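This briefing covers selected local features of one protein chain.

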Amino acid sequence: MTKETFEGILPVWKPKGFTSHDVVAKVRGILRIKRIGHTGTLDPQVTGVLPLCIGRATRLVEYIQELPKAYEATLKIGIATDTEDAGGEIIERADEVRLSQAQVEEVISSFVGEIEQVPPMYSAVKVDGKRLYELARQGLEVERKSRKVTIYKIDILQMDLDLPCPEIRFHVQCSKGTYIRTLCVDMGKKLGYPAVMSDLVRTSTGSIGPEQCLTLEQIQQEMLQGTLAEKLIPAQRALAHLPSVNLTDEQARRALLGQKVVFTPSDEQLQAIHDRMLTAYSPNAQFVGIFQWDSGSSELRPVKVFS
């Protein structure tokens, strides 16, 4: 099996204790391929779905990073830590926590929609060229600008309100850039208590879920058996959220050369692609690339071409 065979998206189930970069390094060692990129950082103690882009699919990392993500999180109420998760130093503790099911349901549901978040100090966000976590490790805290993120859906899975530090497990679907740790802290504040995120699992990135993921051990085994290439998801399938158009042979030829293509969409297509990124395919269903539709000139402008 040649290295060229490995092109597409490898859905990995990230284990606890690994950084996202550790996973990339491990898979590079197994596949002996340098061109690998991950599609969204997960903290070392977080497990779950981590799609890796392999070969030319690394050109799609930025688009896959934009996809909604889903998590299962556990909110622990009654303590606060410096890292906003259970791995940090406790900086605040409530003497007693009293909550009703109705209170919890009302507060958690209030976070659905567009919200403002202040990135935690223990995060990879840069301020004046430095990562926040680097400053935090030096014992420094700096002012951070709030950012808008979107919470599409929250479902409460379990509530244990009789514990000294009550725990609420919930499923959340959210936009890129959402810090679930901060979401948990903010939920606690609205309930009137310190809070942390005590556990987190990423359950999906876009349409990629746990059922498609391989552990690092399984990747090693599939590689030894010569069957790993069969587990890769074609790059274009991860772009299913973008509208798509079919080109003629001549349009596809010009597009593959990186040239603009005059394109007249149908009325139905026009509604879907209006001034948006889209994917294009040749008559034989070959993925040509990602294009920007320019309604003013009726042209498809190449953004990423896959010859």
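At 31% relative accessibility, Asp199 counts as partly exposed. The model is predicted. Asp199 takes part in a salt bridge with Lys16, and the structure holds 13 salt bridges.

**Salt bridges**

- In the pair of Lys16 and Asp199, the closest N and O atoms are 3.9 Å apart.
- This pair links distant parts of the chain, 183 residues apart: Lys16 lies in the loop between strand E1 (8-14) and helix H1 (20-31), and Asp199 in strand E12 (residues 195-205).
- Lys16 is also partly exposed, with a relative accessible area of 48%.
- Glu66 and Lys176 form a salt bridge at 3.1 Å, N to O.
- Here too distant parts of the chain are linked, 110 residues apart: Glu66 is in the loop between helix H2 (61-65) and strand E4 (69-77), Lys176 in the loop between strand E11 (167-174) and helix H5 (180-191).
- Lys176 is partly exposed, at 42% relative accessibility.
- Arg98 pairs with Glu96 in a salt bridge, with 3.1 Å between the closest N and O atoms; Arg98 is exposed, at 62%.

**Sheet**

- Five strands form an open sheet with mixed pairing, in the order E13-E15-E16-E17-E14.
- Strand E13 (244-246) and E14 are the edge strands, each pairing on one side only.
- E14 and E17 run antiparallel and are joined by 2 bridges; Val261 stands opposite Leu300 in E17.

**Helix H7**

- Gln251, Ala252 and Ala255 are buried in helix H7 (residues 249-256).
- Seen down the axis of H7, these buried residues fall within an arc of 100 degrees, so they line one face of the helix.
- Their cover includes strands E14 (261-262), E16 (287-294) and E17 (299-305).
- Gly258, with a positive phi near 80 degrees, follows H7.

Definitions and conventions
Residues are numbered from 1 along each chain as its sequence is written. This is a predicted model: local features need pLDDT of at least 70, side-chain atom pairs count only at pLDDT 80 or more; totals for chains, interfaces and linings use all residues. Side-chain values use heavy atoms; hydrogens and water are left out. Buried means under 20% relative accessible area, exposed over 50%, partly exposed in between (1.4 Å probe, protein chains only). Helices (H or I, at least four residues) and strands (E, at least two) are DSSP runs, numbered from the N terminus. The arc is that of the directions from the helix axis to the C-beta atoms. Contact means heavy atoms within 4.5 Å. Two strands pair if DSSP finds at least two bridges between them. A salt bridge is a side-chain nitrogen of Lys or Arg within 4 Å of a carboxyl oxygen of Asp or Glu.
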